[in-house]
Amino acid sequence: MREPGRCHLDPLGNLHICQGVSLGNVFETPLKEICARYDADAHPICGPLLAGGPAALVTEYNLPHEAAYADACHLCYESRRALRGRFPQILKPEQMYGDENL
Ligand code: SF4
């Protein structure tokens with residue numbers, strides 16, 4: 001995540017570092033510029049993930065949570081769903097999350 005070896009491009013132009021975590025949109029910003037300005041530690045989602053995994057999203061943003069999750073990615077996904085309204089330009093597109101939190 002700090003120096004990603006690959007990202008995924010969806011049909012809408014979103015460049016995903018992980019599914020539903022967009023670093024930018026190549027239809028709006030050149031890929032070279034998206035890559036150049038990416039700062040993993042300062043990124044509002046990647047920064048906490050690097051610092052403490054998905055649990056750090058919960059503590060950083062004081063999110064409600066369950067006692068247990070299927071795995072780390074399950075907690076990450078649920079935390080990101082809860083944060084979509086706060087970071088709509090990062091946590092997208094809605095097809096990755098459903099639209100119940102919009
Ligand atoms: S914890 Fe899982 S879902 Fe979250 S960014 Fe990492 S790989 Fe992706």
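Guide: What follows is an account of the core, then of the sheet and the helix beside it, and lastly of some individual residues. Please bear in mind that the model is predicted.

The largest nonpolar core has 12 residues. Its members are Leu-15, Ile-17, Val-21, Leu-23, Ile-45, Cys-46, Leu-49, Leu-57, Leu-75, Cys-76, Ile-90 and Leu-91. Two or more of these residues come from each of the following elements: strand S2 (14-18), strand S3 (21-25), helix H2 (46-52) and helix H4 (72-82). Once its neighbours within four places in sequence are set aside, Ile-90 is in contact with Val-21, Ser-22, Pro-44 and Ile-45.

The two strands named above belong to an open sheet of 3 strands, arranged in the order S1-S2-S3 with antiparallel pairing. Strand S1 (8-9) and S3 form the edges, each pairing on one side only. Between S2 and S3 the antiparallel pairing extends over 4 bridges. Asn-14, for instance, has Asn-25 in S3 as its bridge partner.

Leu-75, Cys-76, Ser-79 and Arg-80 are buried in H4. These residues lie on the same side of H4, because they cover an arc of only 130° around the axis. H3 is included in what covers the buried residues of H4.

The loop between helix H3 (54-61) and H4 contains Asn-62. Asn-62 counts as exposed because it has 7 C-beta neighbours inside 10 Å. The phi of Asn-62 is near 50°, a positive value in a residue other than glycine. Ala-70 is likewise placed in the loop between H3 and H4. Ala-70 has 8 C-beta neighbours inside 10 Å and therefore counts as exposed. From the C-alpha atom of Ala-70 to that of Glu-33 the separation is 36 Å, the two residues being 37 apart along the chain.

Finally, the segment after H4 contains Pro-93. A cis peptide bond, with omega of about 0°, joins Lys-92 and Pro-93.

Conventions:
Residues are numbered from 1 along each chain as its sequence is written. This is a predicted model: local features need pLDDT of at least 70, side-chain atom pairs count only at pLDDT 80 or more; totals for chains, interfaces and linings use all residues. A nonpolar core is a set of buried Ala, Val, Leu, Ile, Met, Phe, Trp, Tyr and Cys residues joined through C-beta atoms within 7 Å. A residue is buried if 20 or more other C-beta atoms lie within 10 Å of its own, exposed if 12 or fewer, and partly exposed in between; C-beta atoms are placed from the backbone. Two residues are in contact if their C-beta atoms, placed from the backbone, lie within 7 Å. The arc is that of the directions from the helix axis to the C-beta atoms. Two strands pair if DSSP finds at least two bridges between them.
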